[in-house]
Amino acid sequence: MSKLQKEPLSNKRIIQATLDILDSYGAAGLSMRRLGTTLNVEAASLYHHVPNKEALIQQIIDDVSIKAVVDEATVLPWTQTFQAFATNFRNILKAHPGVVPLVAIHSVSEETGAKLAVPLIAAMEKTKASPEEVLFIIQSIAVFVIGHALAEVGNWPERPTAPPEYYNQWFEVGLTALINGFKQKYE
């Protein structure tokens, strides 16, 4: 491809460029104009692929969040399944700190939510928790992870002042307490 030719605009390129902007400038730094400049296209060209900024944000939230899905084929005790989900989700959010505030204030789509929940629901089948309680447990752990991630990434792109070990220990203590509390109640 010559320098004069542009790489075709695609949803994949838009998502990656959006993540790059969020990781560099934080949520406040995302605009369709900046995204167009990053992709070397007019901002109006983006609307052929995504209807508006809110739809783009939803795609980003779903794209990042879906990576936290635990493998349903892996048979683990429910406590380990939830530990794996929480750890995966935290690591994904840490990899994209500019996305964290967006995840905190926007829900995943129903489709993504179902994909995230199915293996977690299956893991809890043999507990005393009702289906409604299982959903509350899933939401409680997700909210803990998101809240912790907000504290950990700080006011991105400004770096947090505490060392990573502090956040690692805090996460482990909090998650263990949360899971052990649910275990005590529902096993």
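Which residues touch the most other members of the largest nonpolar core? In this chain they are Leu35, Phe82, Phe85, Phe89, Leu93 and Ile141, out of 52 residues in that core. By nonpolar core I mean a set of buried Ala, Val, Leu, Ile, Met, Phe, Trp, Tyr and Cys residues joined through side-chain atoms within 4.5 Å. Buried is under 20% relative accessible area, exposed is over 50%, and partly exposed is in between, with a 1.4 Å probe and protein chains only.

Before going on, the conditions. This is a predicted model, in which local features need pLDDT of at least 70 and side-chain atom pairs count only at pLDDT 80 or more, while totals for chains, interfaces and linings use all residues. Residues are numbered from 1 along each chain as its sequence is written, and side-chain values use heavy atoms, with hydrogens and water left out.

Now the overall layout. The chain has 9 helices and 0 strands. Helices here are DSSP runs of H or I with at least four residues, strands are runs of E with at least two, and the numbering starts from the N terminus. The C-alpha trace spans about 65 × 35 × 30 Å along its principal axes. Of the 187 residues in the chain, 39% are buried. A contact means heavy atoms within 4.5 Å. Among contacts with a separation of 6 or more, 72% come from residues 24 or more positions apart.

Back to the core. Leu35, Phe82, Phe85, Phe89, Leu93 and Ile141 are its members with the most neighbours inside it. The elements giving two or more residues to it are H1 (11–25), H2 (32–39), H4 (53–65), H5 (78–95), H6 (100–105), H7 (110–123), H8 (131–153) and H9 (164–186). H8 gives the most, with 10 residues.

Phenylalanine 85 and phenylalanine 89 both lie in helix H5, 4 residues apart, which is about one turn of the helix. Phenylalanine 85 counts as buried at 4% relative accessibility, and phenylalanine 89 is buried at 6%. Leaving out residues up to four places away in sequence, phenylalanine 89 touches Ser65, Ala68, Val103, Ala142, Val145 and Ile146.

On aromatic pairs, the rule takes rings of Phe, Tyr and Trp (its six-membered ring) with centres within 6.5 Å; planes under 30 degrees apart count as stacked, over 60 as edge-to-face and the rest as tilted. The count by this rule is 6 aromatic pairs. The rings of phenylalanine 85 and phenylalanine 89 have centres 5.7 Å apart and planes at 25 degrees, so this pair is stacked.

What about phenylalanine 85 and phenylalanine 89 in terms of burial: buried or exposed? Both are buried, at 4% for phenylalanine 85 and 6% for phenylalanine 89. For tyrosine 166 and tryptophan 170, the ring centres are 5.8 Å apart and the planes are at 50 degrees, so that pair is tilted. These two are 4 residues apart in helix H9, about one helical turn. Tyrosine 166 is partly exposed at 46%, and tryptophan 170 is partly exposed at 37%. Ring pairs link Tyr166, Tyr167 and Trp170 into a cluster.

Next, charges over rings. The criterion is NZ of Lys or CZ of Arg within 6 Å of the ring centre and within 35 degrees of the ring normal. Arginine 34 lies over the face of tyrosine 25, 3.9 Å from the ring centre. The charged end of arginine 90 sits over the ring of phenylalanine 171, 4.6 Å from its centre.

Then helix H7. Its 14 residues should span 20 Å at 1.5 Å a residue, and its end C-alpha atoms are 20 Å apart, which agrees; the expected span is 1.5 Å times one less than the number of residues. H7 has a kink of about 35 degrees at alanine 117, shortly before proline 119. The bend at a residue is the angle between axes fitted to the seven residues ending there and the seven starting there. Thr112, Leu116, Ala117, Pro119 and Leu120 of H7 are buried, and what covers the buried residues of H7 includes H4, H5 and H8.

Last, two backbone points in loops. The peptide bond from tryptophan 156 to proline 157 is cis, with omega near 15 degrees, and proline 157 is in the loop between H8 and H9. Asparagine 40, in the loop between H2 and H3, has phi near 60 degrees, a positive value in a residue other than glycine. Asparagine 40 is exposed, at 52% relative accessible area.
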